[in-house]
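Reader: I have a model open and want to go through it with you. Can you take my questions one at a time?

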Amino acid sequence: MGDAKQHIDKLMQELRRGTITIGVLSQLSEPQYGYSLVTMLDEKGIQVEPGTLYPLLRRLEKQGILDSKWDTNESRPRKYYLLSETGKEVFELLVAEWKNIVSSLNHLIEDEGEGK
Amino acid sequence: MEMIERYIYAVTQKLPQSQREDIAEELRGLIEDMLDERAEGRDITYRDVEEVLLELGNPKHLARRYRGDRNYIIGPELFDSYVLVMKIVMTAVAIGIIATFVIKSIIDPISILDHFVEFIVSSVTAVPSAIGWTTLGFVLADYFGGVKAEDMQFDKKWKPSDLPAIPDTKRQIKRADPIAGIIFYVVAIMFFSFSNEFFGVWLFRDNFSGVVPFLNEETHGNYLPFIILILGICILKECLKLVYGKWTSKLVVYTAAVNLVSLAAVMLMITGSEFWNPNFMNELVESGVISEGSEAFGTVSKIWEHSTTWILIFLALSLLWDVIDSIIRSRKK
């Protein structure tokens, strides 16, 4: 059992790495700051550690997928992120790819189930 | 809260200058948000800070995530080109060092020991520095980016016909054979250069008392470059075997050519009147091994006079066998 859990931990880590990006992009049609994203995703069942999310936001910004803006009007300054024009396009394509993967994999898994 | 600043400093000092301030500001906001959520209105304690920082994890790891998980110095994109260039550089350096040694030894065979020491020294110094410079070049190329594997044109389009043939074990040349050959010829070169006076009939009277040399010591210096050249050609032959790795008709032709050249060279050399020790028989008599006029004297002098012919016949036969043997091996299926 312990072995299986170890494998699952590692595989889940790999699996999550890609899906987190989709989750993050899905929430950024409205501007959000880092910690609000952590809370939002958590409420919807996607757990992301801030130590993973913050560097990810920065990387996506550097790639031009996200735009950012500092808001200094509130009690503490916060950096808000938002999908750029490219980002919107990327997100749409990514969602289409994701749906493809899901349906193909579902097909595979269910087929295997019927074979038994 | 001093600890928060220390944490932020620990993360940002490992990041590029241009991003430090921005990331520090953002992290400060994050930590304050996390503290607020944890405290839910009450005063923030030292314990809260500690727990929040523990949740964020080791600042080294966080900094690495900000830098983009670069825990390598030559990335996967450049690695193949790196290995290829390294092989080319290593081959070039090896050829350079060996060629220097061989050429110097041919030009100035008397100080072959010095050349050999130089050879060892340059191997020890040149190889690591070639590895170092090549690696440094790729590390810099990777660090500053810009260089893409496609730009370097090393990855030509792969075709199935590029696949190397599975080695044919029957025609394969065992690596040990040519290596043993090279070592033998190198030792021979050193022997002829330093200790040719021991090449002769060893005299024992109670214990070792001298040598009656086969070779003419006065003219030996003139012949030495010639001998080294012949042995050098033989080394070349062994190198070819190493490179080809299996018997092919091309290699057979090369072997035959090298054998022919070395046979001609040996013939030219040993049939010259000054090659052998002209006083060999006299010295044998003087040393008391045999006495003049005896039956043994007649036999030995006959052998001595005909030795050149016999050596040539023997050499020609063995070189011929070498060629025939390689033809047979190359034909094996």
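Reader: What area is buried between chain B and chain A, and what share comes from carbon and sulfur atoms?

Author: About 1,700 Å² is buried between the two chains, and carbon and sulfur atoms give 52% of that. Buried area here is the accessible area (1.4 Å probe) that two parts lose on being put together, summed over both. Glu26(B), Asp33(B) and Arg65(B) supply 34% of what chain B buries against chain A, more than any other three residues. Before we go on: this is a predicted model, where local features need pLDDT of at least 70 and side-chain atom pairs count only at pLDDT 80 or more, while totals for chains, interfaces and linings use all residues. Residues are numbered from 1 along each chain as its sequence is written, chains are lettered from A and ligands numbered from 1 in the order in which they are written, and side-chain values use heavy atoms, with hydrogens and water left out.

Reader: How many residues does each chain bring to the contact?

Author: Chain B brings 16 residues and chain A brings 16 residues, contact meaning heavy atoms within 4.5 Å.

Reader: And how many salt bridges across it?

Author: Seven, between chain B and chain A. The rule asks for a side-chain nitrogen of Lys or Arg within 4 Å of a carboxyl oxygen of Asp or Glu. One of them pairs Asp33(B) with Arg76(A), whose closest N and O atoms are 2.8 Å apart.

Reader: Which elements of chain B give two or more residues to that side?

Author: Helix H2 (17-39) and helix H4 (59-67) of chain B. Helices (H or I, at least four residues) and strands (E, at least two) are DSSP runs, numbered from the N terminus. H2(B) gives the most, with eleven residues. By type, the side of chain B that touches chain A has six nonpolar, two polar and eight charged residues. Ala, Val, Leu, Ile, Met, Phe, Trp, Tyr, Cys and Pro count as nonpolar, Asp, Glu, Lys and Arg as charged, and the others, Gly among them, as polar.

Reader: Switching to chain A. What order do the strands of the open sheet take?

Author: The order is E1-E3-E2, three strands with antiparallel pairing. Two strands pair if DSSP finds at least two bridges between them. Strand E1 (32-33) and strand E2 (66-71) are the edges, each pairing on one side only.

Reader: How many bridges join E2(A) to E3(A)?

Author: Six, and a hairpin of six residues connects E2(A) to E3(A). Trp70(A) has Lys79(A) as its bridge partner in E3(A). E1(A) pairs with strand E3 (residues 78-83) over two bridges; there, Gln32(A) stands opposite Tyr81(A) and Tyr33(A) is partnered by Tyr80(A).

Reader: Why is E3(A) called largely enclosed?

Author: Because five of its six residues are buried. Buried means under 20% relative accessible area, exposed over 50%, partly exposed in between (1.4 Å probe, protein chains only).

Reader: Back to chain B. Is Asp48(B) buried or exposed?

Author: Buried, with a relative accessible area of 5%. Asp48(B) lies in helix H3 (residues 46-56), and a polar atom of its side chain is 3.1 Å from the backbone nitrogen of Thr45(B). Leaving aside neighbours within four places in sequence, Asp48(B) is in contact with Leu35(B), Arg38(B), Arg42(B) and Asp43(B).

Reader: Last one: where is Ser330(B) found?

Author: In helix H11 (residues 295-331) of chain B. Ser330(B) is buried at 14% relative accessible area. Ser249(B) is 81 residues from Ser330(B) in sequence, yet their C-alpha atoms are 6.3 Å apart.

Note on methods: A polar contact is a pair of N or O atoms within 3.5 Å; within protein, one must be able to donate a hydrogen and the other to accept it, and residues adjacent in sequence count only if both atoms are side-chain atoms.
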